[in-house]
Amino acid sequence: MFIGASGTRALSTATPPPASKPAAGLGMYVHTHWSYNRPYAARSWSEEDWRGYLLGLGRLGFDTVMFWPLLDSMPIEPTPSDRRFLGKISRVIDIAHDTFGLHFVVVACPNTIGNDRAATYAYEERPYFVCERKIDPKDSAAVKDFLTARRWQFEPLARADSLAIIDSDPGGYPDSTDDEFVSLCEQQVGIFRKLNPKAGFDYWMLIGWENYNRFWSQTKARRAGEPAPQLSIEKPTFIHALEGMQRTIAEPWNVLASWGPHLEATEQLHLRNKRMYFPYGVIEGEPSFPLTNFNPASVAGGLAAYRPSDFPRGVMANAQAHCLQLPHTYLFACRARGVTANLNDFAEDLLPGEAADVVAAWETIGVGEPAAQRAKATAIRKHIGYPHHGGRCSGLLFGDADRFLIDLSDNLEIRADLHEVQSAVTVGHDARRALRSFLEHFRPYQQRVGFSDAYGGPLRVALNDPLAKLRDPAIDRVLARVDEWRDLPARHGIVAPLMAAVQAYCDRQP
């Protein structure tokens with residue numbers, strides 16, 4: 001079987017050999033918040049993309065997929081693109097069950113739905129914060145319309161094994177109570193279980209409903225020049241929510257937990273047996289500009305607190321740009337399962353015969369040595385344009401080995417550029433030469449990936465922080481939008497104006 005230079009091949013639909021599974025489950029969360037290009041953004045995946053990805057996950061030992069289909073910015077009345085997307089995910093759920101034997105969880109938010117602008121966008125291009133509307137839980141008419149929309153949204157997804165609802169971000173409403181949150185969960189679970197009486201419920205513990213609502217009330221009240229409020233993750237809101245769920249939501253239900261207050265609350269209520277560990281952002285933080293990460297120590301540290309006895313239901317991973325985060329995905333799976341990692345074996349399962357250069361490239365991504373990074377980029381480019389053998393895990397390449405190799409090469413060049421920008425700014429040298437090299441490599445990569453919104457992650461640290469030290473007014477105006485929390489739509493499309501401001505800075509004589 002080959003993955004040619006054209007980048008396409010047919011994937012076997014046969015059920016893979018059973019993976020060695022841990023005593024507890026191992027899940028991957030796939031979410032669709034940002035609109036950017038295939039295959040980097042999960043909302044762009046084709047059915048064949050999904051089939052390959054699920055095949056690869058199964059081969060790594062994952063037995064669960066949790067998926068946010070972005071119901072929360074779909075309009076009350078579905079558009080044709082919404083119906084097409086949900087129809088595709090309905091088939092994906094069947095593939096996950098019937099072909100790969102995977103458990104499938106659908107994620108929704110407690111009180112978010114599309115606003116009046118949502119219907120003007122096709123699903124794949126819809127900007128979330130521009131199109132989201134938060135429902136006031138005290139507005140009975142709005143809640144009724146919201147639940148009516150949930151009914152048609154859930155129908156094609158109802159063969160999923162469970163419905164998960166998060167207690168914050170996105171969601172929430174100033175001054176809303178934990179009892180109102182539990183009621184919203186109870187009503188959505190009720191709708192889902194009318195369609196699938198066997199469905200479970202997963203309470204995704206994050207910031208906590210009243211904790212999050214208090215933060216937003218303070219944020220909206222903040223005056224210009226005042227310090228930004230801080231999120232306070234307090235235990236009582238989790239206790240209240242869990243007690244409400246015990247009273248009103250029938251079994252089976254479980255919890256996704258990670259932080260100290262989550263664990264304290266579940267211990268206090270004797271709910272340890274319901275816990276699944278969800279150390280969000282270990283593979284890749286979000287929102288991040290999509291760059292390949294490689295930091296084995298960070299992955300190990302992110303899972304240091306995981307013990308199956310404390311989390312009987314297992315552990316959940318997440319990524320934003322799954323096709324770029326293959327080394328961390330593999331390392332996470334090995335660490336969670338207690339298996340010794342062998343990157344060369346994994347790379348051989350991706351691209352037989354090309355593993356040595358691939359592993360060397362991964363290991364060089366985060367070293368901060370531009371000469372070594374550029375040399376490894378050159379070595380990777382030598383593999384581009386030739387037929388590639390498909391390995392056991394080649395479904396993780398989304399049908400295009402050359403795309404994977406081009407991305408890897410570009411990531412090495414971009415990381416080298418970023419290190420040189422940081423070095424120049426740190427010692428007080430003129431950074432224009434390094435910034436021009438960065439723009440030369442980054443702009444074509446960004447256009448291919450298509451990501452344009454506000455971001456954290458490696459690019460935020462390696463680029464935005466040095467840019468802020470330049471004290472350039474045009475650059476500073478764009479950077480200020482990244483930290484604008486009172487008007488989230490203002491953060492949309494930040495990358496293009498930032499690159500334009502950097503280009504203008506480079507074009508000026510020192």
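In this predicted model, F332 is in contact (heavy atoms within 4.5 Å) with L26, P279, V282, I283, V299, L303, V315, M316 and A317, leaving aside its neighbours within four places in sequence. F332 also belongs to the largest nonpolar core, which has 168 residues. Such a core is a set of buried Ala, Val, Leu, Ile, Met, Phe, Trp, Tyr and Cys residues joined through side-chain atoms within 4.5 Å. Buried means under 20% relative accessible area, with a 1.4 Å probe and protein chains only. M66, Y203, F332, W362 and L435 touch the most other members. Helix α14 (residues 401-426) gives the largest share of this core, 10 residues.

T364 lies in helix α12 (residues 355-364). Helices are DSSP runs of H or I, at least four residues, numbered from the N terminus. T364 is buried, at 8% relative accessible area. T364 touches A372, Q373, K376 and L412, not counting residues up to four places away in sequence.

Helix α5 (residues 178-195) packs against helix α7 (residues 235-248) at about 40°, with axes 9 Å apart. Axes are lines fitted to C-alpha atoms over the stretch in contact, and angles run from 0 to 180 degrees between N-to-C directions. The contact is made by D178, D179, F181, V182, C185 and E186 of α5 and by T237, H240, A241, G244, M245, R247 and T248 of α7.

Residues are numbered from 1 along each chain as its sequence is written. Local features need pLDDT of at least 70, side-chain atom pairs count only at pLDDT 80 or more, totals for chains, interfaces and linings use all residues, and side-chain values use heavy atoms, without hydrogens and water.

Note on methods: Helix = DSSP H or I, 4+ residues; strand = E, 2+ residues; numbered from the N terminus. Buried < 20%, exposed > 50% of the residue type's maximum accessible area, 1.4 Å probe, protein only.
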